[in-house]
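Please examine the sequence and the structure shown here before reading further.

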Amino acid sequence: MTATQPLLAPPRLSPRLFAVWRRNFLVWRKLALPSIVGNLADPVIYMLGLGYGLGMLVQEVEGVPYIAFLAGGTLAYSTMNSATFETLYSGFSRMHVQKTWEAIMNAPVALDDIVAAELVWAASKSCLAGTAILAVIALFGFAASPLAVAAIPVVFLTGLCFAALGLIMTALAPSYDFFMYYFTLFITPMTLLSGVFFPQGQLPDGVRTIAACLPLSHAVELIRPLLLGQVPGQIGLHLGVLAAITAAAFWTALILTRRRLLN
Amino acid sequence: MPLEITGLVKRFGKGAEAKEVVRGLDLSLRKGECFALLGPNGAGKTTTLRCALGLTTPSAGQIRLAGLPVPEQAREARARVGVVPQIDSLDPDFTCAENLIVFAGYFGIRDSEIRPRVPELLAFAGLEGKENARIQSLSGGMKRRLTLARALVNKPELLILDEPTTGLDPQARHLIWERLRRLTAEGTTILLTTHFMDEAERLAHRLAILDNGRILVQGSPREVIAEHIEPQVVEVFGEWDGSDNQAANGAATWAARNAGALSRRCEISGETAFCYTDDAAPLLAHLAHQPGLRTLHRPANLEDVFLKLTGRELRD
């Protein structure tokens with residue numbers, strides 16, 4: 001944006017945002033292998049440990065082996081986590097600690113472009129990690145249907161959604177410690193309420209209604225059936241909610257970031 | 001004109017708590033000159049630069065950067081400007097060459113176009129052969145020089161430097177000065193802020209002293225010195241045995257009793273009396289008979305003007 005735009009103006013983007021995206025991609029490429037392994041190991045260990053361990057006790061959930069049920073949830077929540085971590089910790093480093101954004105703003109790149117580049121980059125990174133997790137899931141035979149490939153764009157959209165929410169926190173954060181609140185008050189409860197580990201039908205009625213509105217629930221509702229070879233129900237609703245949260249959160253993040261950096 | 005600012009006002013906050021950081025500032029740079037903006041901390045130097053680059057909206061006033069109105073066309077204007085910021089903002093994850101290549105990308109410059117220029121840019125910054133060096137391995141001076149090279153990737157017509165030599169050793173400062181002079185010789189216009197008066201005196205064709213958001217004086221270093229301060233300074237310090245009181249035998253007591261008659265103006269700072277005069281001979285003759293006091297006689301410089309205009313109190 002140019003500084004004449006009011007604080008609340010809609011995003012004004014230019015193709016220069018890809019130069020900023022590329023900067024993040026080039027840094028990631030230097031450490032791609034450890035980064036992917038890092039994003040892969042944790043969710044896969046949980047999935048196999050809980051899937052086979054707990055799976056011995058619960059046997060089938062919604063008509064499939066527990067680990068097959070868990071696979072879709074794992075892909076959804078690990079996407080949420082990697083997009084969130086990227087915008088919170090790495091984004092805050094670039095914005096506040098390394099002053100990378102300030103350096104870029106001295107070039108003919110607007111802050112709107114930088115924030116949009118962070119959004120798309122975090123989604124890209126979570127999609128790269130998500131694709132690797134999907135490959136492992138397929139390797140274990142829990143994504144046998146060709147429909148599973150359709151989960152990749154859903155993973156990207158999920159990444160966009162949580163990146164946009166994360167950018168709001170980054171714009172507000174005084175320091176890294178602030179992000180603990182976001183994890184303990186929002187991300188962790190959402191992981192438990194969104195049908196990742198058990199069906200939302202197990203929740204009490206009131207809680208279930210609220211839980212169904214959470215962004216992660218919509219991601220799970222799309223990704224799990226695709227991995228099981230089924231066409232998800234209410235595709236339009238789930239995609240629409242994820243897209244709407246992405247748009248609203250991105251705009252909010254942009255307003256807060258403009259207020260923080262262009263004042 | 002590379003930069004033209006008229007009636008710039010910048011307020012932060014609203015209502016009763018509003019703070020006016022820049023209060024009606026006019027500035028215009030001529031092509032190919034080096035212009036220094038001097039001022040104590042909080043004078044409004046950095047805010048003026050941020051306004052000029054379109055990174056914050058002025059409360060009032062007009063700005064034209066590289067001939068374009070700012071902030072309306074700030075992005076287009078910045079394409080023709082290079083910036084060396086006050087705080088190091090190099091990319092620690094990249095090598096020296098990658099820093100230049102990635103930064104050029106923000107200007108829409110292709111890799112194939114910038115890559116062949118990397119050795120030349122590094123050489124200009126005194127960093128020959130450092131293409132693959134990691135940023136962490138560079139000294140403070142090397143980082144600042146690399147930031148200078150980074151600011152030149154787009155061959156700017158105007159280079160803006162915010163305190164370019166703060167924290168550098170004398171060798172590094174001299175190298176930066178020499179490079180900046182080379183740039184102005186080649187026709188690049190330079191706008192810099194600095195706390196170092198010798199830097200401004202050596203580099204700047206013209207300068208402005210800024211305080212409380214206003215320009216106090218403007219002109220060439222020589223003009224400013226000639227117009228605003230007496231030509232000679234005698235600094236007096238040490239112990240004075242002309243006092244009857246042992247507790248008050250410093251230069252300040254001496255000055256209180258004698259300086260008025262022997263100099264045009266005298267300022268006390270710490271334990272030193274600064275006597276400003278057109279003719280130092282009578283003062284020096286008097287001081288020759290004061291064995292405890294030590295003296296330093298020198299021509300007045302920009303720092304004397306600066307302290308006269310902005311005062312000797314600490315700024316935070």
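A residue is called buried if 20 or more other C-beta atoms lie within 10 Å of its own C-beta atom. This cut-off can be applied to the present model, which is a predicted one.

Consider Thr188(B), which lies in the loop connecting helix H7 (170-185) with strand S8 (189-194) of chain B. Thr188(B) counts as buried because it has 21 C-beta neighbours inside 10 Å. Which residues does Thr188(B) touch, if those up to four places away in sequence are not counted? They are Pro156(B), Glu157(B), Leu159(B) and Leu183(B).

The view may now be widened to the whole of chain B. This chain is divided into domain 1, covering residues 3-224, and domain 2, covering residues 230-299. The centres of the two domains, taken over C-alpha atoms, are separated by 41 Å.

Finally, chain B also meets chain A. In this interface, 25 residues of chain B are in contact with 24 residues of chain A. Two elements of chain B, helix H2 (74-78) and helix H3 (96-105), each give two or more residues to the side that touches chain A. Of the elements, H2(B) gives the most to this side, with 4 residues. Sorted by class, the side of chain B that touches chain A consists of 13 nonpolar, 6 polar and 6 charged residues.

Methods:
Residues numbered from 1 in each chain as written. Chains lettered and ligands numbered in written order. Predicted model: local features only at pLDDT ≥ 70, side-chain atom pairs only at ≥ 80, totals over all residues. Contact = placed C-beta atoms within 7 Å. Nonpolar A, V, L, I, M, F, W, Y, C, P; charged D, E, K, R; others polar. Buried ≥ 20, exposed ≤ 12 C-beta atoms within 10 Å, placed from the backbone. Domains from an automatic or database assignment.
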